[in-house]
Amino acid sequence: MQILAAKAERAGLLTIAGDPRGSSQGCSGCGREVPKKLHERWHDCPSCGLRLSRDHNSARVIKSRAVGRPVLQAQEMSCHWAGVTVGEAWRKP
């Protein structure tokens, strides 16, 4: 996360860390829970019909958790996950 935050800062972007726990069990299309075992690598939602790889679905769920967060909260969370302080994260090289 620290490397990603540094790369994003150089590109003028904000890194927002999202909690990945449970992201592979939810549907990024409709938000319903779609339980699956670890060996199941495909997301197939019986509710909305969304079909895509489990990892792609999980990434979309994590992204949706970050959308709409206030920037200050996003900065604090990003820095917490990256293991650096707010001052270090936003210092220009």
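Biologist: Leaving aside its neighbours within four places in sequence, which residues is C27 in contact with?
Modeller: C27 is in contact with R32, V34, H43, C45, C48, L50, N57 and V61. Contact means heavy atoms within 4.5 Å. Keep in mind that this is a predicted model: local features need pLDDT of at least 70, side-chain atom pairs count only at pLDDT 80 or more, and totals for chains, interfaces and linings use all residues. Residues are numbered from 1 along each chain as its sequence is written, and side-chain values use heavy atoms, with hydrogens and water left out.

Biologist: Which residues make up the largest nonpolar core?
Modeller: Five residues: C27, V34, C45, L50 and L52. Such a core is a set of buried Ala, Val, Leu, Ile, Met, Phe, Trp, Tyr and Cys residues joined through side-chain atoms within 4.5 Å. Buried means under 20% relative accessible area, with a 1.4 Å probe and protein chains only.

Biologist: How much of the chain is buried?
Modeller: Buried residues are 31% of the 93.

Biologist: New topic. What pattern does the chain follow?
Modeller: Along the sequence, α-β-β-α-α-α. That is four helices and two strands. Both are DSSP runs, numbered from the N terminus: helices are H or I, at least four residues, and strands are E, at least two.

Biologist: Where does S58 lie?
Modeller: In helix α2, residues 54–66.

Biologist: Is S58 buried or exposed?
Modeller: S58 counts as buried because its relative accessible area is 12%.

Biologist: What does its side chain make a polar contact with?
Modeller: The side chain of S23, at 2.5 Å. A polar contact is a pair of N or O atoms within 3.5 Å; within protein, one must be able to donate a hydrogen and the other to accept it, and residues adjacent in sequence count only if both atoms are side-chain atoms.

Key. Buried < 20%, exposed > 50% of the residue type's maximum accessible area, 1.4 Å probe, protein only.
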